[in-house]
Amino acid sequence: MKLAYLLNTLPHRGLYPADRAIALLSSLKPTNFEIFVHSSNTSLIQYLKKQQIKPLLYRNNAHLIEEMKAFNPTCIMHDGGNSEKDLIRRLKVLGSALIHLDDHGDGGALADLVIQSLYENPKDLAKEHYVLGPLGYIQTKKVIYKNNNMIQDPPHIIVSFPHEDPENLTYRTLRHLVQLHIPLQISVLVDEHYKHDVLDLKRFALTRKSIQIISTTEPETFLSNSDIVITSGSYMPFLVAQFQIPCIVLCAHEEEVNYAFPQEGHGFANLGLGRKIKQSYLQNAVMEIILHDNRRNAYIQKQKRFDFSNNIVELVKLIEQTIASSKEEQEIVR
């Protein structure tokens, strides 16, 4: 099997799709593969190179089609944000199986399979080739479970918004938290792609010794030492659920507001769009988790219902079945 992986990452979602791609390629074991990345996505290109992967860079859709024809893949995996119908129609002509991940674009209608981990509550049940739910989230990080029985004194809050954080929710959140006049430990995690001035964050740390600004690309190494996590509504809530820690969600983008996973029923205090959050709402959510054991434990118990450990096995099986079905259909057409 020749596998083409069309990969993109978005500024507010982070680099998780690259980790998922690497895990899937390892499990699918194609005879040959290429990872196609737009030449403007420098952070993704750098990240893949750190993993000793050299992507095939393309300039525009015409160039992508040309390179795809030359590669002639058995299957095209599309994890590149919301697809355009015109591009997918042109890719479909190649006769490859088309499998899309987290695609809310028009092109998904033309795919053989669309796997949505960033899913909304289903409105159109007629889309039989859409698989909605946590299945599309693969564990790519080792998890050390937290002992959730006791909250620390003082409570430890981790603020972690992925990647570029376009709306600077990191700064907004920290500004609101320092106005809470109770003892707190606060760890703010940012990575090298954070597009705002880190000095603005460090000025807050100068006012309180209990505030740490940490530069890291591995938030999972810090999560187990926290009592509350404040993050956005895309892939981070899945990671937090692995640790089973009460989590406050401030959506980094309008599309995240409708995602069904990071919601109350699954163990998250979702406060809606982060750039519109009122200071009092965030502070009340924090205090509720700190002061009310029953509330905190309810969040933990809801997250415990999720087990992502077998997702990769089930996902690979589903992908292989889709590729086999697509191949049979192509042979019938011939």
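Mentor: Ten polar residues, four nonpolar and one charged make up the lining of the second largest pocket (Ala, Val, Leu, Ile, Met, Phe, Trp, Tyr, Cys and Pro count as nonpolar, Asp, Glu, Lys and Arg as charged, the others as polar). The model is predicted, with pLDDT of at least 70 required for local features and 80 or more for side-chain atom pairs, while totals for linings use all residues. Residues are numbered from 1 along each chain, and side-chain values use heavy atoms, without hydrogens or water.

This pocket (an open set of 1 Å grid points with protein on both sides within 12 Å along at least five of seven lines; lining within 4 Å of a point) holds about 260 Å³, the space filled by probe spheres set on its points. Among its 15 lining residues, Asn8, Tyr58, His78, Gly80 and Leu87 come closest to the centre.

The largest cavity contains about 420 Å³; 23 residues line it, with Leu15, Pro162, Thr217, Pro219 and Met236 closest to its centre. Helix 1 (16-28), strand 9 (185-190) and helix 8 (236-243) each give two or more residues to this lining (DSSP runs: helices H or I, at least four residues; strands E, at least two). Twelve of the lining residues are nonpolar, six polar and five charged.

Helix 8 is largely enclosed by the rest of the structure, because eight of its eight residues are buried (under 20% relative accessible area, 1.4 Å probe). Met236, Phe238, Leu239 and Phe243 are among these buried residues. Gln244, which follows helix 8, has a positive phi, near 60°.

Note on methods:
On a 1 Å grid over the protein atoms alone, a cavity is a set of points where a 1.4 Å probe fits but cannot get out, and a pocket is an open set with protein on both sides within 12 Å along at least five of seven lines; lining residues have an atom within 4 Å of a point. Buried means under 20% relative accessible area, exposed over 50%, partly exposed in between (1.4 Å probe, protein chains only).
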